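The stops below are given in the order in which to select them.

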Amino acid sequence: MDHPSPHMVALLDALADRLDCSVDVLYCNRKAPGRGWGAPPGRLPYRFVSGVTLLNDFRINPNVFGVMKKTRADIWVINTCYTSLTTLMAIGWLHRNGIPWVYMNEPPRPRHEALSAMKNPFILYVLNRAWGVIGTGGKAEAMYQEFIPRDKPTGTIPYYIDLSPFHKLPLPDPGVGQTPVRFVTSGQMIRRKAIDVLLNACKLLPPGGWQLTLAGEGPLRARFESEFSNLWNRDQVRFLGQVPYPERASVFEGEHVFVFPSRWDGWGMVVPEALAAGRPVISSDHVISAHEFIHDGVNGFLADPGDVQGLS
């Protein structure tokens, strides 16, 4: 695995409880770059593979061969990024030695034609050598099936976390016709999360009758905070900054609707979190979890990524 993640702990702990198999975890990094969610490893035995981190958080583990050779396993599950050099080395070694292995991960991000031409050889190298593929949800599985032969087995294991803190939140006042509709979004302040699209969608809304809360931190926060403040005061649009991971349910308190305009999310745990809090969700349809949980027009709405008019 790339690194410990709270989205994987429930799966790892479920495997730890089984009596018909034993599982070990090899982590390539001690924590997720740019994430403030900590590094819970789960209850399975685990080790960290030594390595070095280069520019743009690019991680390489040169001794992965030695570690894998010393590890006795009937089957391997590769859950690392498909463009990682460590992944390619591990897969090459498994393939040469005829050792069964499956690839389990979020689906590859749809990209512009030129970038796809650069990235596709990597994902094809991985998938063509895998004995099977596991995606994060039904949509992810379908996306992987577009890359591989039909006779190659596929499956789906969505991410899972305990949602009880979100179930405990009081539901918002349904009388939204009498009060401003309070929208909230949460995520890293990076281009992929499409806060710029949200900004332009807000420009198309009536001047009053709504409020927006933005939670999260990132390199683009100062820019977005300045652009929003040039158009609306802090009573209408407010920035919360980074909310500690254990306290993230508090983001939804008093809010009516969650908005997630992301250009791409290979899962997007915040969507089921918002729904568990009883908030309808307006999401881009390039969020994989949205396909798993949102019924368009029932408990939320789906919009094309980048479609300012549709989001508005």
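**Stop 1: a surface patch**

Start at Val52, which lies in strand E3 (residues 52–53); helices (H or I, at least four residues) and strands (E, at least two) are DSSP runs, numbered from the N terminus. This is a predicted model, in which local features need pLDDT of at least 70, side-chain atom pairs count only at pLDDT 80 or more, and totals for chains, interfaces and linings use all residues. Residues are numbered from 1 along each chain as its sequence is written, and side-chain values use heavy atoms, with hydrogens and water left out.

Val52 has a relative accessible area of 41%, so it is partly exposed (buried is under 20%, exposed over 50%, partly exposed in between; 1.4 Å probe, protein chains only).

**Stop 2**

Select Thr83, in the loop between E5 and H3. Thr83 is partly exposed at 23% relative accessible area. Its C-alpha atom is 9.5 Å from that of Pro121, 38 residues apart along the chain.

**Stop 3**

Next, select Ala194, in the loop between strand E9 (181–186) and helix H7 (195–203). Ala194 is not a glycine, yet has a positive phi of about 60°. Most residues other than glycine have a negative phi. Ala194 is buried, at 0% relative accessibility.

Now show Lys193 with Asp265: they form a salt bridge, the closest N and O atoms being 3.0 Å apart (a side-chain nitrogen of Lys or Arg within 4 Å of a carboxyl oxygen of Asp or Glu). The pair links distant parts of the chain, 72 residues apart: Asp265 is in the loop between strand E12 (257–260) and helix H9 (270–276), Lys193 in the loop between E9 and H7. Asp265 is buried at 7%, and Lys193 is buried at 6%.

**Stop 2: further salt bridges**

Select Asp196 and Arg263, whose closest N and O atoms are 2.8 Å apart in a salt bridge. Asp196 is in helix H7 and Arg263 in the loop between E12 and H9, 67 residues apart. Finish with Asp13, Asp17 and Arg43, which are linked in a network of salt bridges.
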